[in-house]
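Hi,

Here is the structure I promised to pass along. My notes on what turned up in it follow below.

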Amino acid sequence: MAEFLQIEGVSKSFGPFQAVRNVSLSVAKGEIFSLLGGSGCGKTTLLRMLAGFEEPSAGRILIEGRDMAGVPPWARPVHMMFQSYALFPHMTVEANIGYGLKHEPLSVAQRKDRVREMLDLVQLTPMATRKPHQISGGQRQRVALARALARQPKLLLLDEPLAALDKKLREHTQFELMEIQERIGVTFVVVTHDQEEAMTLSDRIAVMDKGQVQQVGSPTEIYEYPVNRFVASFIGAITSFEAEVTARAPGTLTLHVPAFGQEVTTREADFAPGAKVTLALRPEKLVISKTRPPGNAVQGVVKDLAYFGKDSLYRITLASGALVQAHAVNQARGVAMVADWDDQVWLSFDPSAAIVLGG
Amino acid sequence: MNWFHRRGWRDLIIGLPYLWLALFFLVPFLIVVAMSVATKTPTAPPFSFGGEHPWVNLETYQRLVSEPLYLRAFLISLMNAAGTTVFCLLLGYPMALGLTRVSRSARNILLMLVILPFWTSFLLRVYAWMGLMGKSSWFNQGLTDAWNWLVPADWAVKSLPMMHSNFAVILVMVYTYLPFMILPLYASLERLDPTLDEAALDLGSRPWQVFLDVTLPQSVPGIIAGGLLVFIPAAGELVIPTLVGDASTPMIGRVISDQFSQARDWPMASAVAVALLALMVGPTMLYSHYQARAEGSK
């Protein structure tokens with residue numbers, strides 16, 4: 001049994017510019033799959049190829065085993081929620097939601113029922129007869145979702161679904177989206193540049209850069225085990241250092257880190273002694289203490305600190321001049337923080353917390 | 001407050017166009033209205049007001065509604081103007097839509113081409129059409145050949161009688177007023193969001209359905225604006241029917257001109273002009289009403 005959505009070696013060029021390069025992905029039925037990347041990484045082009053607005057220059061797209069080549073947008077079992085929502089301004093909320101249904105073999109009564117069902121799903125029944133400009137941004141987003149879901153597509157494409165909402169509404173809507181997806185069981189492919197959005201929404205994420213897929217995996221895999229420097233730095237904050245492998249033993253790897261002026265140990269990774277690698281450390285994996293703890297530890301001075309309430313961010317200068325970011329959770333209330341400006345501190349980390357990347 | 005920021009400046013700038021309109025539109029119009037209720041006399045100017053009560057003479061308006069010449073001229077004008085508007089819309093809409101779909105550089109060139117005819121004298125262009133429609137021109141002969149090829153042999157003609165017909169009037173009016181249809185249509189179509197078309201395609205509509213459901217309804221203000229810009233001047237057109245038209249099917253502009261210059265019946269000419277204006281105010285107000293409603297719903 002083939003996967004629900006199969007993207008095989010798809011490329012797309014616009015003149016000399018290659019927007020998407022040889023992308024292969026497969027998405028399972030009922031999954032929320034995100035395409036994550038910065039602007040110009042090719043994620044939107046890929047989405048437009050799934051919708052049928054662009055034809056791939058090379059490669060194939062299969063939905064339930066059916067090749068989509070030459071299938072126009074109106075004939076695909078795919079609907080899209082546009083970033084701008086693209087609601088028809090001259091139609092009411094009701095008419096917008098029911099628009100796609102006129103292509104279905106439904107009676108007038110059935111069509112009305114479906115619209116009512118959709119209005120109910122997105123809790124917009126009182127707004128049914130309003131025009132799009134008479135409702136709020138969050139409501140518009142829900143109309144767009146209801147319109148895209150009304151024809152019961154097999155695959156729903158969401159282009160930056162939350163980008164136009166403010167932060168509070170975004171969090172709320174995120175969970176609402178997941179809930180609706182779970183209830184209907186439709187497969188979601190989401191395009192986003194917001195890593196937090198991708199992390200909370202998705203079952204799996206494909207991180208894209210320069211038209212290529214850098215890594216595919218669950219949010220945890222992407223965050224904890226990035227495969228390259230791009231993924232490591234794109235997802236979450238990270239500080240990276242050049243390092244050289246000095247020894248490899250079963251279970252451990254020893255690195256010399258010039259910025260630390262010493263050696264550190266990490267989990268074993270597939271690098272031979274002498275290999276140039278990058279040691280990447282996430283701020284929350286670093287422990288700050290006044291006295292030297294056992295294991296990997298390096299000394300520095302607190303240069304800057306920012307208090308966020310639930311936690312604090314420290315910027316610590318090492319003896320070599322390198323700058324490291326570390327997070328500390330403020331567990332106790334009203335107690336002085338771990339360290340203050342200009343304090344001498346020790347930064348330590350568990351061998352398993354360090355990420356070792358090639359190059 | 002310095003001299004530059006006085007309120008007077010603002011009032012002056014807002015007031016100037018009103019002053020202009022009052023001086024060169026309202027006052028002459030009132031003169032025309034006054035003339036329309038005067039009595040025709042063999043003096044110069046050829047009208048006078050009655051010396052005693054009731055001062056005004058409404059005879060012209062009575063003639064306007066009772067004499068078939070005027071009603072017929074009004075009807076012909078309205079029909080010719082309506083025909084011109086419809087043909088301009090049918091020709092202009094695809095052109096305007098095409099303009100929004102080409103690259104920016106091609107668009108500028110094409111827009112230039114739409115306006116380019118205004119660079120030559122309007123009269124020259126009408127005379128050019130007269131030449132084209134004449135019996136011996138390549139244009140007429142080409143159409144004649146096509147006609148003879150299409151119809152049975154006993155319907156064959158030596159040339160098509162295009163000149164001095166209502167057909168000629170509509171043809172030249174469509175040619176003349178087409179830019180006035182294209183430009184407002186282009187302005188309204190250019191503002192439409194192309195992602196709406198994609199949304200409709202995505203929801204299962206074929207391109208022609210997208211046009212009917214999304215593009216056409218949103219371009220209604222442009223259609224109305226273009227329609228008025230064509231219909232109003234076409235209804236009062238004088239030069240084109242005089243030069244290429246048929247004397248037996250006079251348009252209202254021709255009637256006004258004849259009454260002024262040949263019959264020297266200024267009160268009658270004025271009454272016809274007042275009636276024409278009254279007829280044109282209707283659709284314009286309808287448009288303003290629609291426009292205001294559209295603005296209000298934004």
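This is a predicted model, in which local features need pLDDT of at least 70 and side-chain atom pairs count only at pLDDT 80 or more, while totals for chains, interfaces and linings use all residues. Residues are numbered from 1 along each chain as its sequence is written, and chains are lettered from A and ligands numbered from 1 in the order in which they are written.

Let me start with strand β14(A). β14(A) pairs in the antiparallel sense with β20(A), residues 355-358, over four bridges, and there A:V277 stands opposite A:G358. (Strands here are DSSP E runs of at least two residues and helices are H or I runs of at least four, numbered from the N terminus; two strands pair if DSSP finds at least two bridges between them.) β14(A) is also paired with β11(A), residues 239-249, antiparallel again and over six bridges, with A:F241 opposite A:L279.

In a regular strand the side chains alternate between the two faces of the sheet.

Chain A as a whole has eight helices and 20 strands, and buried residues make up 37% of its 359 residues. Its C-alpha trace spans about 75 × 50 × 35 Å along the principal axes.

Chain A also holds an open, mixed sheet of six strands in the order β6-β7-β8-β3-β9-β10. β6 (78-81) and β10 (212-217) stand at the edges with a single partner strand each, so one side of each has no neighbour in the sheet. Within this sheet, β3(A) (32-36) and β9(A) (204-209) run parallel and are joined by four bridges; A:L35 has A:A206 as its bridge partner.

Over in chain B, α3(B) (68-101) and α10(B) (220-235) pack at an angle of about 140°, with their axes 8 Å apart. Axes are lines fitted to C-alpha atoms, for helices over the stretch in contact, and angles run from 0 to 180 degrees between N-to-C directions. Residues making the contact include B:A81, B:T85 and B:L89 of α3(B) and B:G227, B:V230 and B:F231 of α10(B), where contact means C-beta atoms, placed from the backbone, within 7 Å.

Best wishes

Conventions. Two residues are in contact if their C-beta atoms, placed from the backbone, lie within 7 Å. A residue is buried if 20 or more other C-beta atoms lie within 10 Å of its own, exposed if 12 or fewer, and partly exposed in between; C-beta atoms are placed from the backbone.
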